[in-house]
Each structure stands twice: as structure tokens, then as C-alpha cells.
Amino acid sequence: MMQSFIHIAAGLLFLLSLQGLVRCDDQEFRLVRYLMSNYDSAVRPSLSVAQPVAVAFRLSLLALLAMDERHGVVSTSCRITQNWNDVHLRWNASDFGGVTTVRIPASQIWRPDVILRNKPPSPSVCRTFCWLN
């Protein structure tokens, strides 16, 4: 009987220790709902039609995978990093429990068009991650 009481008390203490974490998750959930409620990924993130969206582009070579001198083909592993300011994804952190950064799937936000030229027709692997802050 005493042992089951200790297990229940330990479980309750554990759940109480998670209470602060749950609040943070609630705030992040509320923030994402707020940001995406009227967001349209097809709309360019600019305050006016005449204003361009400045995109910083960086290509980092991670590894040289293969080189075929005979056919003039080089296979690489690269990381492309793009940064821009999306005026439609702004918030006041104090309104959302101090949350300053959220992750949103890239498929849900506007992304600049990037065309890689001189790319062979073989399939490539592409993973996209977005952090908003």
C-alpha cells in the first residue's frame, strides 16, 4: 500500500514539473495559429508591389561525393541557406509568453523561386526547414 502511494506521489510530482513546459507549448501553438490564420504562401511578403523582397543566398559545399572526369560530372552534397524578411510573419513576443522563435513547415510559407542550372536529370534529395524569429 505504501509503495503504491509513493508511485502515485512521484507521478504527480513529475506531472507538476511538466506544467511550465506545457504552458510554453500552449503559447507556441497559439502563436502558430495566429501567424497562419490569414497567411497565404502564394503572396509575396512585401508591403507594396513596388518593393522588392531582398533574399540573402548562401551555398555551402559539404562534401565532394564523386567526380567523373571522363563525362565532366561532379556529385556534391550542398546546403543552401536563404534569409529574407517576411512582413506577414511578425509578432510581439510578450503577447505569446516570450516565444521568440517557432518552426513552421516550409511548405506553408512563401519561398523564393530557386532554379539550379546545370543539374543532371537524376533524382536528388532535398529537405527544407524554416525557422521564424
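Figure 1. Ala56 lies in strand β1, in what is a predicted model. With a relative accessible area of 43%, Ala56 is partly exposed. Once residues up to four places away in sequence are set aside, Ala56 touches Thr81, Gln82 and Asn83. The C-alpha atoms of Ala56 and Asn83 are 5.1 Å apart in space, although 27 residues separate the two in sequence.

**Figure 2. The whole chain, for orientation.** Before the other close-ups, here is a quick overview. The protein chain has two helices and four strands, and from the N terminus on these run α-α-β-β-β-β. Of its 133 residues, 17% count as buried. The chain exposes about 11,100 Å², and carbon and sulfur atoms supply 57% of that area. Among contacts with a separation of 6 or more, 66% join residues 24 or more positions apart.

**Figure 3. The largest nonpolar core.** This core has 17 residues, and those with the most contacts inside it are Leu35, Met36 and Val102. Helix α2 (residues 19–36) gives the largest share of the core, with four residues. Do look around Leu35: leaving out residues up to four places away in sequence, it touches Leu89, Arg90, Trp91, Val102, Ile104 and Leu132. In soluble globular proteins, nonpolar side chains tend to be buried together.

**Figure 4. A nonpolar patch on the surface.** Here the view turns to side chains on the outside. Phe57, Leu59, Ile80, Val114 and Leu116 make a nonpolar surface patch of about 450 Å². One of these residues, Leu59, is found in strand β1 (residues 56–68). Leu59 counts as exposed because its relative accessible area is 52%, and the cut-off for that label is over 50%.

**Figure 5. The tilted pair of Tyr34 and Phe96.** A pair of aromatic rings is described by the distance of the centres and the angle of the planes. The chain has two aromatic pairs by the rule used here. In one of them, Tyr34 and Phe96 are tilted, with 5.3 Å from centre to centre and 40° between the planes. This pair links distant parts of the chain, 62 residues apart: Tyr34 belongs to helix α2, while Phe96 sits in the loop between β2 (73–83) and β3 (102–103).

**Figure 6. The edge-to-face pair of Trp84 and Trp110.** Trp84 and Trp110 form an edge-to-face aromatic pair, with 5.6 Å centre to centre and 85° between the planes. Trp84 lies in the loop between β2 and β3 and Trp110 in the loop between β3 and β4 (131–132), so the pair ties together parts 26 residues apart in sequence. Trp84 is partly exposed, with a relative accessible area of 22%, but Trp110 counts as buried at 13%. The cut-off between these two labels is 20%.

**Figure 7. Val53 beside the tryptophan pair.** Val53 has its place in the loop between α2 and β1. Beyond its neighbours within four places in sequence, Val53 is in contact with both Trp84 and Trp110, as well as Arg44, Pro45 and Ser46.

Technical notes: Residues are numbered from 1 along each chain as its sequence is written. This is a predicted model: local features need pLDDT of at least 70, side-chain atom pairs count only at pLDDT 80 or more; totals for chains, interfaces and linings use all residues. Side-chain values use heavy atoms; hydrogens and water are left out. A nonpolar core is a set of buried Ala, Val, Leu, Ile, Met, Phe, Trp, Tyr and Cys residues joined through side-chain atoms within 4.5 Å. Buried means under 20% relative accessible area, exposed over 50%, partly exposed in between (1.4 Å probe, protein chains only). Contact means heavy atoms within 4.5 Å. Patches are made of residues with over 30% relative accessible area and no salt bridge: like charges are joined within 9 Å, nonpolar side chains (Val, Leu, Ile, Met, Phe, Trp, Tyr) within 5 Å. Accessible areas come from the Shrake-Rupley method with a 1.4 Å probe; for residues, only the protein chains shown count as cover. A salt bridge is a side-chain nitrogen of Lys or Arg within 4 Å of a carboxyl oxygen of Asp or Glu. Rings of Phe, Tyr and Trp (its six-membered ring) pair if their centres lie within 6.5 Å; planes under 30 degrees apart count as stacked, over 60 as edge-to-face and the rest as tilted.
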